[in-house]
Amino acid sequence: MADTQTANIRALMGGGSGEDRLAATHFVIGALFLLVGGALQLLSLMSIRFADLFPISYGRLEPTANLTLMIGFAAISLTGGVYYVLPRLTGAHLRRRPLASIGLLGMTGLTALGVVAVMLGFGDGSEPFGLPWWIDLPLALVLLVPLLVTLDTVRHRTEKWSFVTLWFVMGGVAWLPLLYLAHLAGELPWASSVTIAYSEVFFSAGFVTMYLITVGSGLVYYSVVKELDVALASRQLAVVGFWSLGFAGVWWGTAQLLFGPGPTWIAGVSAALGLAFPIGALANAANVSVTLEGSWSKMGEEPAVLSGVLGLYLAVGVALVASLAGFPSVGAYTSVTPFWEAVEYVALSGVGTLLIAGVSFAALPRLVGRRLEDAVKARRFQRLTITGSVGVLVSLGAAGIMSGYSWIAGSNSGAYIDAGEGWGAGLGGSYEALLLIAVIFGGILLLGLGGYSAIILGTLARGKAIPQEVLIDRASEVEEVSSDG
């Protein structure tokens with residue numbers, strides 16, 4: 001019975017190598033977490049608008065949504081993308097596969113356990129996950145696994161030249177565990193409240209720029225070149241995008257704490273270095289756009305390429321909105337408002353899903369030997385995701401700006417007090433209407449996320465069989481040719 005089940009699972013995940021089945025499993029588990037995370041994210045948004053109707057507070061829904069989307073979906077899916085491209089870019093088989101399997105099991109189990117723990121009230125209330133220490137510590141160790149696997153595989157590479165995707169992948173898998181360790185340092189018993197606040201926003205912003213968009217953009221580079229058989233337009237633009245996202249883009253996070261008790265120099269640094277976020281996103285989008293010159297007509301036939309390009313363009317929009325609020329003149333009105341929820345909401349669900357689709361739609365058919373289930377469903381997923389993302393970004397962002405202006409104007413004029421019961425009067429009459437519009441667009445976005453998951457799962461269950469890509473060890477191939485000849 002056990003042998004039969006194992007055979008069925010292997011048949012479902014494809015008949016290729018173990019490393020290919022491992023990468024495919026990451027995509028499948030990530031798609032399942034996306035459904036859960038997208039629903040929790042919409043519920044958390046609804047709990048802001050209809051606070052009296054929800055038995056579970058926003059303080060529990062929002063951390064669980066962040067956990068399932070950041071770790072359960074994004075980290076697991078991007079790790080699958082990393083494991084997919086590494087053998088193809090290095091010419092070596094994926095190293096430490098048992099450790100990689102343990103890493104997948106750890107991320108899956110700890111994410112599920114974390115959701116249960118926070119929902120039951122065992123969380124510590126910190127952002128972005130609110131996890132208790134007995135989940136935080138093993139999660140930090142698990143996030144090191146992709147780095148160890150990547151470094152060992154690259155160490156055994158046989159390819160002489162390195163494609164730009166390899167830089168993005170290596171940077172992302174190295175920065176994620178470092179970001180999480182820095183976040184945990186802010187939770188030490190002797191850390192001040194200011195230190196805790198800055199460590200939280202640094203991790204959230206760093207996850208988006210230094211990991212999600214960095215690794216996602218690198219994987220899209222690979223998909224575009226591979227699927228359309230074109231040459232990358234500019235390695236220099238790729239370098240600009242890589243370093244901008246990796247070492248400066250994270251500063252948009254501190255803009256959320258402007259006019260707080262932090263150092264006075266934070267405002268200037270956040271405004272200046274926060275511009276690296278749109279610069280990095282724009283460099284990657286421009287690079288891919290120039291690469292596609294002469295191939296735009298083919299994008300409609302390649303769901304992976306179109307999804308990745310849309311994700312890069314949406315990342316530019318999110319980055320521009322985030323960097324705009326980094327200036328003190330604007331940040332005075334957006335701090336402590338839903339404006340930043342809009343940025344993080346769309347960055348995780350909209351940009352993240354499109355970038356990951358940019359690699360998973362191309363990789364899965366090669367990994368499991370089945371054609372992507374339905375191109376019509378892919379186009380529907382793209383339309384719903386873009387529509388919902390733009391709608392949430394505009395409506396929820398506008399709600400944040402309006403509430404900020406209304407509250408400050410009313411407080412300065414003495415129309416109402418700025419503390420206690422008078423706080424609510426600063427939201428303005430249109431605030432609730434904008435939140436309701438954001439909820440509607442959030443529902444549209446959730447349909448798009450469901451479409452992505454349906455495509456991934458449907459490809460495994462109903463995809464038409466096609467020739468499967470089989471990896472051959474380059475060293476063994478060279479050795480065989482030498483012996484023959």
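In this predicted model, the buried residues of helix 6 are Val 145, Pro 146, Leu 147, Val 149, Thr 150, Asp 152, Thr 153 and Val 154. Helix 6, spanning residues 145–155, is thus mostly covered, with eight of its eleven residues buried. The cover over these buried residues includes helix 3 (58–90), helix 4 (97–119), helix 5 (133–142) and helix 7 (164–185).

The surroundings of Ile 71 can be listed individually: leaving aside residues up to four places away in sequence, Ile 71 touches Asn 66, Ile 76, Met 107, Thr 111, Phe 129, Leu 139 and Leu 143.

A further element of the architecture is a pair of packed helices. Two packed helices are described by the angle between their axes and the distance between the axes. For helix 9 (residues 235–247) and helix 11 (residues 276–291), the angle is about 150° and the axes lie 8 Å apart. Because angles over 145 degrees count as roughly antiparallel, helix 9 and helix 11 are roughly antiparallel to each other. The crossing in which helix 9 passes helix 11 is left-handed. On the side of helix 9, the contact is made by Leu 237, Ala 238, Val 240, Gly 241, Ser 244 and Leu 245. Helix 11 contributes Ala 276, Phe 277, Ile 279, Gly 280, Ala 281, Ala 283, Asn 284 and Asn 287. By residue class, this contact between helix 9 and helix 11 contains nine nonpolar residues, five polar ones and no charged ones.

Ser 47 belongs to helix 2 (residues 18–49). Its relative accessible area is 6%, and Ser 47 is therefore buried, since the limit for burial is under 20%. Not counting residues up to four places away in sequence, Ser 47 touches Phe 54, Tyr 58 and Leu 61. Gly 59, by contrast, is located in helix 3 and has a relative accessible area of 52%, so Gly 59 is classed as exposed, the threshold being over 50%. Between the C-alpha atoms of Gly 59 and Ser 44 the separation is 8.5 Å, although the two residues are 15 residues apart along the chain.

Note on methods. Residues are numbered from 1 along each chain as its sequence is written. This is a predicted model: local features need pLDDT of at least 70, side-chain atom pairs count only at pLDDT 80 or more; totals for chains, interfaces and linings use all residues. Side-chain values use heavy atoms; hydrogens and water are left out. Contact means heavy atoms within 4.5 Å. Axes are lines fitted to C-alpha atoms, for helices over the stretch in contact, and angles run from 0 to 180 degrees between N-to-C directions. Helices (H or I, at least four residues) and strands (E, at least two) are DSSP runs, numbered from the N terminus. Angles under 35 degrees count as roughly parallel, over 145 as roughly antiparallel, 65 to 115 as roughly perpendicular and the rest as oblique. A crossing is left-handed if the near helix is turned anticlockwise from the far one by less than a right angle, and right-handed if clockwise. Ala, Val, Leu, Ile, Met, Phe, Trp, Tyr, Cys and Pro count as nonpolar, Asp, Glu, Lys and Arg as charged, and the others, Gly among them, as polar. Buried means under 20% relative accessible area, exposed over 50%, partly exposed in between (1.4 Å probe, protein chains only).
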